[in-house]
Amino acid sequence: MKKTVKSVTAVLLAAVMMTGVMAGCNGGGDDPKVLKIGCMGPITGENASYGTSVRNGAQIAVDEINAAGGVNGMTLELVFADDEASPEKAKNAFSSLMDEGIDVMLGATTTDATIALGELTQQENMLQVTPSGSGQDCTKYDNAFRICFTDPLQGTTMAEYIYNTMKKTKVAIIYDNSNDYSKGITEAFRQKFTELGGQIVPDAQSFGKDDVDFTAQLNNIKNSDAEAIFIPAYYQKVSAILQQADKAGLDLPFFGCDGWDGVLNQLGDDKALAEGAIFLTPFAANDPDEAVQKFVKAYQDANDGATPDQFAADAYDGVYVIVEALKKANVTDSTKIDNDALIQAMTQISVKGLTGDMTFDASGEPNKSAKIIEVVNGEYTVRK
Amino acid sequence: MENFLTQLIGGLNVGSIYALIALGYTMVYGIAKMLNFAHGDIIMVGAYTIFVAVSSAHVPPYLAILIGIIVCAVFGVVIEKIAYKPLRNTSSLTVLITAIGVSYLLQNLSLLIFGEQEKSMPALFHFDGLMFGSVRVPGETIITLAATVVIMIALTLFINKTKAGKAMLAVSEDKGAAELMGINVNRTISLTFAIGSALAAVAGALYASSYVYIKPTMGAMTGIKAFIAAVLGGIGSIPGAMFGGLVLGIVENLSKAYISTQISDAIVFGILILVLLIRPTGLLGKKRIEKV
Amino acid sequence: MKKLLNKKNLFYLILTVVVWGVLFALSEGRVLSYQMRNMLVPIGVNIILAVSLNLIVGFLGELALGHAGFMAVGAYAGCLLIKTMSGLPPMLALVIGMLAGGLAAAAIGFVIGLPVLRLRGDYVAIVTLAFGQIIVTLLTNMKVTGGASGLKEIPMEANFTIVYIVMVVTVLIIATLANSRHGRAISAIRENEVAARSIGINITYYKMLAFVISAFFAGIAGVLYGSNLGILIPRSFDYNKSIEILVFVVLGGMGSLPGSVIAATILTLLPELLREFSDYRMLAYSIVLIAMMLLNASPRFESVKAKLNWRRLWALLKQKLEKKPNKA
């Protein structure tokens with residue numbers, strides 16, 4: 001019994017300790033002339049690059065707006081927290097942001113974290129705009145909106161493009177089975193493509209999170225009569241697949257999705273492997289558009305010459321979308337925000353962003369058009 | 001048939017890499033009676049050393065591999081001296097937890113130094129591969145297989161023919177008796193770690209040339225699979241490690257090709273559990289009776 | 001019965017309730033920050049996980065690297081069941097879910113126990129690791145679990161009170177078990193399996209007992225975890241999660257329940273309080289693992305530890321407290 005007693009004491013001690021640590025952790029006063037935008041994404045862990053892009057992209061927009069005099073007399077402040085792309089950490093990150101006194105939420109960056117975050121912002125009735133959470137459920141609640149395309153939309157768009165424009169009827173798929181994004185696009189693609197009359201050959205080939213060897217999948221495809229390969233995955237895996245496809249002597253046209261953004265950089269000296277590949281993206285850094293070039297320059301100046309990707313552009317647009325909604329709802333005091341009116345305002349705005357011109361419907365989805373990109377001479381080129 | 005042969009060759013390629021890593025596990029287990037969990041991460045150390053040498057210092061590939069081998073061997077010996085040697089007479093639980101700690105330490109140090117982003121290894125070998133009829137064998141596969149066979153033969157000769165090799169056998173049989181016979185046990189254990197880690201460096205080079213991209217956690221999964229290979233072949237047995245590695249690589253590739261790409265990992269781990277249930281000492285392992 | 005309701009136990013019972021009351025009031029009264037209110041449930045869940053793993057690692061002396069797997073089985077089984085019980089009062093559904101999750105995990109613990117009983121030392125580690133990987137692979141590929149996109153829309157009912165109760169009960173049960181005849185038998189197996197068998201301890205039975213009970217509580221923790229987040233994704237239960245739980249146990253001291261409780265509390269809070277150092281968290285974990293093992297094995301530390309144990313500190317404290325009135 002003695003040990004039992006000791007354990008119980010320890011529980012109690014721990015509890016008391018917790019109280020000690022926790023007391024006095026409450027956030028300070030709230031300045032009505034500073035509007036705090038909470039932002040989150042992974043800046044550590046294997047998805048660190050996405051969160052870093054989102055943070056840097058959003059910061060450029062915030063700085064621009066503040067330099068131009070702010071919004072309705074308020075200055076913006078971006079408060080960022082790391083969520084390691086996990087729902088568990090997203091919940092923790094959000095609570096630390098709440099203690100900072102955030103007023104609106106730009107995030108999260110990845111789908112799983114965005115869904116977990118959605119449960120919390122919904123309870124607070126806070127406006128949530130996710131730059132890049134593409135899973136269907138990210139905008140489940142009325143207070144949630146997104147800047148990027150949904151996974152199913154990408155899948156159906158590419159299915160139509162490959163079948164109607166490229167006239168391919170037999171397509172092979174390699175997708176990441178451990179990844180929601182990749183799976184979501186695959187499902188929608190498969191459905192649309194077969195509906196159009198096309199055929200998936202051989203049955204869609206998957207790989208897991210830790211896989212580095214894709215030769216089995218590629219050889220299965222090589223021995224089928226596929227006319228093209230669709231790879232809805234992120235650029236790291238795509239680069240590895242392109243390398244191994246070359247070694248396996250597989251010479252078919254490649255198609256992809258917006259996760260391909262960054263593939264040329266990853267391929268380094270082997271850019272030729274991606275030559276002719278076609279994918280869909282809302283943003284290309286070498287788009288001659290003036291606004292895009294201005295953003296790219298500002299981003300490079302602020303981040304040691306790093307080129308912004310679509311995550312950065314989505315986050316940049318996200319800040320402008322929030323600002324537009326704040327103007328529409330006439331918010332002038334960050335301590336007195338009518339969240340219902342702010343959320344309502346989202347459906348009434350139209351924003352000309354880097355990733356396209358967009359309006360939002362009540363379900364939280366953006367209406368905007370995609371760009372089809374082709375790799376020509378080792379450069380991303382917008383296809384007309 | 002053509003697909004089957006191509007898949008088989010792919011399996012041999014992965015399997016050879018597993019086999020080289022498994023050799024390290026098996027040798028260390030045989031001599032130090034410990035499961036060196038950090039062994040998989042040594043291939044990461046090797047791969048990054050070669051990467052830095054080739055891409056930053058512009059050292060020729062073969063010299064870079066040699067540097068990688070030396071660095072890994074030093075790592076292996078130092079890790080053993082600092083982390084494992086003080087624990088030689090403690091329970092296997094203690095040693096195992098320490099080894100897991102070392103594995104995490106290597107991964108996270110590399111994360112801090114090199115970052116999360118995968119690095120692209122410049123081509124180490126320039127060899128186009130061969131066509132056998134209509135079956136294409138990539139150059140990397142041929143080099144990997146050749147290297148594995150050569151290393152295997154050299155290692156067998158070393159252990160059976162040289163004095164140091166025989167000392168290793170003696171220590172693995174009975175540490176106390178070996179010491180009484182005038183064998184320097186500490187030095188023999190160090191040598192084992194050095195050789196095992198050097199082999200891991202070779203595996204790292206072959207891995208990088210086959211899969212191009214390297215990242216700080218590359219050794220974790222590969223290491224676990226290689227360990228399964230070692231267990232499959234019977235841990236402590238050198239031909240067993242070779243055999244287990246090749247079998248595992250082939251099984252993995254064929255199950256991806258013919259059963260399901262989704263559950264091939266579950267199949268691999270399932271086989272491990274089955275083998276341990278039916279033959280707890282592995283396919284080629286010796287049975288030992290536990291005494292008080 | 002007389003023994004159970006003595007003065008001391010009554011005192012602790014009251015203290016337990018008081019601590020709950022204080023924390024509850026602080027939390028409900030919004031005295032605690034948003035962040036800290038949010039941490040109460042995860043701390044409780046991690047304490048349950050650490051204490052239950054300690055039964056296998058600390059008392060039985062086997063290294064299990066699949067604790068997150070048990071947690072996952074419980075989480076998915078329990079939360080799937082909860083989702084079907086929308087008609088029942090949410091708390092009742094949660095309790096039923098917890099029991100179901102615990103039982104499901106215990107059943108899997110039994111299945112895993114079968115090969116483990118035939119193996120020794122290092123092999124146990126590797127089989128449990130393999131098991132954890134299989135679980136994650138299966139969860140990623142099954143339709144009913146939602147695959148990689150996870151199990152969503154789980155009713156979020158876990159609150160501080162229920163986690164606190166479950167945590168106290170878990171600690172009590174495992175502490176009582178550890179100090180019973182069964183617990184001593186389990187510890188005897190850790191010290192020397194062959195010797196334990198020779199004095200008539202039923203090795204199979206006790207190993208199985210430890211595995212099943214440990215898995216049961218891990219499963220319950222999993223259900224609470226899911227009910228707290230509202231979404232379960234397979235990769236939360238990978239090898240790294242198992243290691244994280246192991247770090248709680250090792251840092252707290254293997255075989256020490258108070259240690260597990262305190263380590264789990266601190267290591268859950270610390271990363272949140274030190275968010276800016278998150279890059280170094282895993283590095284610190286690895287160093288903790290190595291340092292603890294090396295220190296434990298070094299004879300000098302052993303003597304320091306003997307001087308600085310709980311009982312001594314407690315006695316010292318008491319001495320001080322008793323002396324004070326005299327001086328005044």
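Guide: Domain bounds, as used here, come from an automatic or database domain assignment. This is a predicted model, in which local features need pLDDT of at least 70 and side-chain atom pairs count only at pLDDT 80 or more, while totals for chains, interfaces and linings use all residues. Residues are numbered from 1 along each chain as its sequence is written, and chains are lettered from A and ligands numbered from 1 in the order in which they are written.

Visitor: How many helices are there in chain C?

Guide: Helices (H or I, at least four residues) and strands (E, at least two) are DSSP runs, numbered from the N terminus. Chain C has 0 strands, and its number of helices is 14.

Visitor: What radius of gyration does chain C have?

Guide: The C-alpha atoms of chain C fill a box of roughly 70 × 55 × 50 Å along the principal axes. The rule for a globule, 2.2 Å times the number of residues to the power 0.38, applies to a radius taken over C-alpha atoms. Because chain C has 328 residues, a compact globule would have a radius of gyration near 20 Å, and this agrees with the value for chain C, 21 Å.

Visitor: How far apart do the C-alpha centres of domain 1 and domain 2 of chain C lie?

Guide: The assignment for chain C gives domain 1 as residues 39-273 and domain 2 as residues 278-318. Between the C-alpha centres of these two domains of chain C the distance is 24 Å.

Visitor: Which element gives the largest share of the side of domain 1 of chain C that touches domain 2 of chain C?

Guide: The contact (C-beta atoms, placed from the backbone, within 7 Å) takes 5 residues from domain 1 of chain C and 7 residues from domain 2 of chain C. On the domain 1 side, the elements giving two or more residues are helix H10 (239-252) and helix H11 (257-273) of chain C. The largest share, 3 residues, comes from H10(C).

Visitor: How many residues does the contact between chain C and chain B take from chain B?

Guide: On the side of chain C that touches chain B, helix H4 (90-118), helix H5 (122-141), helix H8 (193-198), H10 and helix H12 (278-297) of chain C each supply at least two residues. The contact takes 36 residues from chain C, and the number from chain B is 36.

Visitor: How far apart do the C-alpha centres of domain 1 and domain 2 of chain A lie?

Guide: In chain A, domain 1 covers 34-149 + 289-369 and domain 2 covers 152-281. Of domain 1 of chain A, 8 residues are in contact with 10 residues of domain 2 of chain A. The C-alpha centres of these two domains of chain A are separated by 30 Å.

How values were computed
Two residues are in contact if their C-beta atoms, placed from the backbone, lie within 7 Å.
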